[in-house]
Amino acid sequence: MGENSGTGFVAGLEDVVAAETRLSSVDGEAGELTIAGFPVEELAGRASFEEVLYLLWNDELPDAGRIEDFRKELAGRRGVSLATFELLRAVAAEKVPVMDALRMAAGTVRTGGDDEEAMALVAGLPTIVAAYWRMLGGEEPVAPESGLGHAANYLYMLTGEVPSVEFVRALETYLGAVSDHGMNASTFVARTIVSTRSDFVSAVAGAIGALKGPLHGGAPGPALEVVFEIGEAGRAEEVLREKLGRGERLMGFGHRIYRVRDPRADVLANAAERLYTTDGDKELYGLALEVEKTALRLLEEHKPGRNLQTNVEFYTALLLHGLRLPAELFTPTFALGRVAGWTAHCFEQRALDRLIRPQSEYVGEKDKRWAPLEER
Ligand code: ACO
């Protein structure tokens with residue numbers, strides 16, 4: 001099966017342009033991410049989640065009046081149906097992993113028009129994740145608090161406590177930084193589903209399934225596990241060498257597009273540093289920095305010239321751990337940020353209304369003759 005064969009097949013669709021978009025641009029050589037016109041460094045950390053969402057959906061920042069209405073409208077959709085809760089309770093009894101429960105529960109959001117569905121999905125996903133997490137722990141869900149912003153309310157529904165300003169800021173930085181990222185695998189899935197004139201609920205449920213994979217959004221948990229496994233800076237080289245020797249990939253490093261450091265890693269590193277210096281496990285933070293340094297050195301040895309760099313997942317793990325989120329919630333929390341981009345892409349794809357239907361290159365045999373069962 002040939003990569004770049006005569007028919008134009010490229011394994012992994014690398015460099016294939018599958019859409020025109022106004023939503024985000026990833027320049028892997030320069031290490032630049034633009035979200036609806038704004039460099040990620042300019043937007044993440046300043047904008048609330050609601051502002052980023054509004055920007056992605058409307059291609060402009062809202063003014064004070066509009067954002068207030070938008071915030072209220074979104075907050076008004078946080079409740080989820082009884083059917084969703086019943087499903088969550090049933091799967092919690094089976095200890096189904098959070099991303100699987102999220103995928104199933106997202107599918108229970110009622111269909112009925114793109115605008116409705118987009119609002120219900122973005123507003124409802126945090127309620128699903130928080131309620132499910134509490135059910136898994138044998139606790140009752142905490143009802144959403146409409147007076148709190150989107151990010152603050154998520155932390156509130158998880159813990160039952162109103163989070164500090166620092167925590168909210170750190171989470172908003174994260175959600176904004178990961179809100180959209182070009183034609184990544186889950187976004188492509190969402191656009192493909194909508195291109196069949198299917199609904200946004202199906203698109204987001206499919207995208208959640210794609211995000212779960214360890215080569216996409218499933219890396220931050222394992223990235224943090226490695227830091228814990230190493231335990232002290234002196235062991236970093238030994239443990240990482242062993243992993244590379246066994247042919248394992250170091251989670252949190254490397255990227256399909258970036259050939260320099262992922263700009264989101266910088267944004268999240270700054271946010272993590274702020275968080276850990278004000279309120280956090282400084283020792284763990286110091287250890288993580290050592291692990292990163294050692295990993296980069298060993299990856300350069302392992303794949304010279306490939307320039308494998310720290311990706312967004314490494315600092316996601318640190319930041320979300322600093323927010324006291326358990327590793328099981330890292331990828332689900334990623335989904336809560338990325339659903340802004342997924343739904344925005346769904347709107348773009350809907351406006352384009354063109355079925356995504358690529359070709360494949362047949363490499364099997366032809367003209368075989370049917371043999372009856374007794375002759376095989
Ligand atoms: N550790 C060790 N080796 C690596 C790593 C890594 N983290 N990343 C790439 N390599 C190796 C590959 O195995 C490959 O080796 P080979 O040529 O001997 O097969 C070589 O470097 C080149 O790989 P790429 O072409 O750069 O990798 P690809 O584009 O297929 O994959 C990916 C990118 C999936 C992110 C990869 O770097 C990886 O698996 N990283 C670890 C998982 C991870 O952090 N995922 C999160 C990505 S960020 C996101 O999705 C939001």
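This is a predicted model: local features need pLDDT of at least 70, side-chain atom pairs count only at pLDDT 80 or more; totals for chains, interfaces and linings use all residues.
Me: Which distances are found for the side chains of R306 and R249?
Reply: For R306, an N or O atom of the side chain is 2.6 Å from a ligand oxygen. For R249, the corresponding distance is 2.9 Å. The protein covers 79% of the 920 Å² of accessible area that the ligand has on its own.

Me: Which residues come nearest to the ligand?
Reply: There are 23 residues around the ligand, and L250, F253, R256, K303 and R306 come nearest.

Me: Why is S24 called buried?
Reply: The relative accessibility of S24 is 8%. Buried means under 20%, and therefore S24 counts as buried.

Me: Where is S24 placed, and what does its side chain contact?
Reply: S24 is in strand β1. Its side chain makes a polar contact of 2.7 Å with the side chain of D180. A polar atom of the S24 side chain also lies 2.7 Å from the backbone nitrogen of G182. Leaving aside neighbours within four places in sequence, S24 is in contact with residues including L33, T34, I35 and H181.

Me: How do you know that β2 and β3 pair?
Reply: Strand β2, residues 32-35, and strand β3 are joined by two bridges in the antiparallel sense. Two strands pair if there are at least two bridges between them, so β2 and β3 meet the condition. In β3, F38 is the bridge partner of I35.

Me: What makes β1 and β3 edge strands?
Reply: The open sheet has three strands in the order β1-β2-β3, with antiparallel pairing. Strands β1 (24-27) and β3 (38-39) each pair on one side only, and they are the edge strands.

Me: Which residues touch the most other members of the largest nonpolar core?
Reply: This core has 114 residues, and L125, Y132, L171 and Y174 touch the most other members. Helix α6, residues 114-136, gives the most to the core, with 12 residues.

Me: Which residues does L125 touch, not counting those up to four places away in sequence?
Reply: L125 touches L102, A106, A120, V204, I208, L336 and V339.

Conventions
Residues are numbered from 1 along each chain as its sequence is written. Side-chain values use heavy atoms; hydrogens and water are left out. Helices (H or I, at least four residues) and strands (E, at least two) are DSSP runs, numbered from the N terminus. A nonpolar core is a set of buried Ala, Val, Leu, Ile, Met, Phe, Trp, Tyr and Cys residues joined through side-chain atoms within 4.5 Å. Buried means under 20% relative accessible area, exposed over 50%, partly exposed in between (1.4 Å probe, protein chains only). Contact means heavy atoms within 4.5 Å. A residue is near a molecule or strand if one of its heavy atoms lies within 4 Å of it. A polar contact is a pair of N or O atoms within 3.5 Å; within protein, one must be able to donate a hydrogen and the other to accept it, and residues adjacent in sequence count only if both atoms are side-chain atoms. Accessible areas come from the Shrake-Rupley method with a 1.4 Å probe; for residues, only the protein chains shown count as cover.
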